[in-house]
Amino acid sequence: MVDSSVYNPSMPSTLPTQVADKPARERILLTAHDLFYQHGIRATGVDKVISEAGVSKVTFYRHFPGKNDLIRAFLDYRHARWISWFKAALQRQTEAGTQGLMCLIPVLEEWFNNPLFRGCAFINTAAEFGDSLPDALSICQRHKQDMISIIAELLPANNAQLSLADAAAIAVDGAIVRAQMEMQTIGAKTTLASLALILSALNNVGSAG
C-alpha cells in the first residue's frame, strides 16, 4: 500500500514501505495520509484506516477521538511534508540556474509525473468540505498563504512582489487542477507550457517593477 519514496525529497506524495514498527499514532497518520490523498477523505472511512494501519479501534480512538481530529492531523502533516519538498525542489532549480518564477515549471513537472499524483490535497479538501469543517479550511488557507510567501521569494523585492506572487499562485493552482483532470503526460506538458507563458509574463512585470 505504501512506498518508500516519501523520504526522497523529489516525491512528496507517497509513504514509507516499512510502517509496522512505527508507533501507533504515526502508523495511523501515515496510513490516513495515503488513503485520504489517493481516494478522498469522505470516501475513506475510519474502519478502513484502522484495518490498513493494523491497529485496534481502542488504539485509534485513543489517539484520534474522531475522524475530524484525524483530518486535521492529516492536513498538518501533508502541509509540512509538501512545503518541505516544495522549498527543496525550488532551491535545486535556483542552484541549477533557472530564473525567477520559471523555477516553478520543472518543480511542478516533477510532481505531476509522480504516478501517485492526485492534485493538491488542500484544494481537494476545500472542495470536499467547503466551510463545513472551518478549522480544516483554515489549514488549507494557511497552506496556500505559505505557498504564496515561498513563491514571492523568487521575485525581486519591490511593491509588486506579493501581488505578482499571488497571481502566480493562482496560475499554479489552476495548473494543478488541470493536470489532475487530465492525468496523462501529454496533458500535463500542455498545461505546463500554458503556465510557462503566464509565469514568463509575470516575471517580466516583476523585473520591470
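Which residues does Val46 touch, not counting residues up to four places away in sequence? In this predicted model, Val46 touches Phe60, Tyr61 and Lys67 once residues up to four places away in sequence are set aside.

## The chain as a whole

The chain has 9 helices and 0 strands, and from the N terminus on its elements run α-α-α-α-α-α-α-α-α. Of its 209 residues, 47% count as buried, while the accessible surface of the chain comes to about 10,000 Å², of which 54% belongs to carbon and sulfur atoms.

Contacts within the chain can also be sorted by how far apart the partners stand in the sequence. Among contacts between residues at least 6 apart in sequence, 64% join residues at least 24 apart.

Val46 lies in helix 2, which covers residues 46-53, and its relative accessible area is 15%. A residue counts as buried when this value is under 20%, and Val46 is therefore buried. Between Val46 and Ala32 there are 8.8 Å in space, taken from C-alpha to C-alpha, and these two residues are 14 apart in sequence.

Leaving out residues up to four places away in sequence, Gln161 touches Ala152, Glu153, Leu155 and Pro156.

In helix 5, residues 104-112, the buried residues are Leu104, Ile105, Val107, Leu108, Trp111 and Phe112. Seen down the axis of helix 5, these buried residues fall within an arc of 165°, so they line one face of the helix.

Helix 6, residues 121-129, has Ala121, Phe122, Thr125 and Phe129 as its buried residues. Seen down the axis of helix 6, they fall within an arc of 95°, and so they too line one face of their helix. What covers the buried residues of helix 6 includes helix 1 (24-39), helix 4 (67-95) and helix 7 (134-152). Just after helix 6, Gly130 takes a positive phi of about 55°.

## An enclosed space and its lining

Rolling a probe the size of a water molecule over the atoms shows where empty space is left. In this model the count comes to 1 cavity of 30 Å³ or more, and the largest cavity has a volume of about 40 Å³.

The largest cavity is lined by Arg78, Trp82, Trp111, Cys120, Ala121, Phe122, His143, Lys144, Met147 and Ile176. By kind, the residues of this lining divide into 7 nonpolar, 1 polar and 2 charged. Helix 4, helix 6 and helix 7 each supply at least two residues of the lining, and the largest share, 3 residues, comes from helix 7.

How values were computed: Residues are numbered from 1 along each chain as its sequence is written. This is a predicted model: local features need pLDDT of at least 70, side-chain atom pairs count only at pLDDT 80 or more; totals for chains, interfaces and linings use all residues. Side-chain values use heavy atoms; hydrogens and water are left out. Helices (H or I, at least four residues) and strands (E, at least two) are DSSP runs, numbered from the N terminus. Buried means under 20% relative accessible area, exposed over 50%, partly exposed in between (1.4 Å probe, protein chains only). Contact means heavy atoms within 4.5 Å. Accessible areas come from the Shrake-Rupley method with a 1.4 Å probe; for residues, only the protein chains shown count as cover. The arc is that of the directions from the helix axis to the C-beta atoms. On a 1 Å grid over the protein atoms alone, a cavity is a set of points where a 1.4 Å probe fits but cannot get out, and a pocket is an open set with protein on both sides within 12 Å along at least five of seven lines; lining residues have an atom within 4 Å of a point. Grid points are joined across faces, edges and corners, and a volume is the space filled by probe spheres set on the points. Ala, Val, Leu, Ile, Met, Phe, Trp, Tyr, Cys and Pro count as nonpolar, Asp, Glu, Lys and Arg as charged, and the others, Gly among them, as polar.
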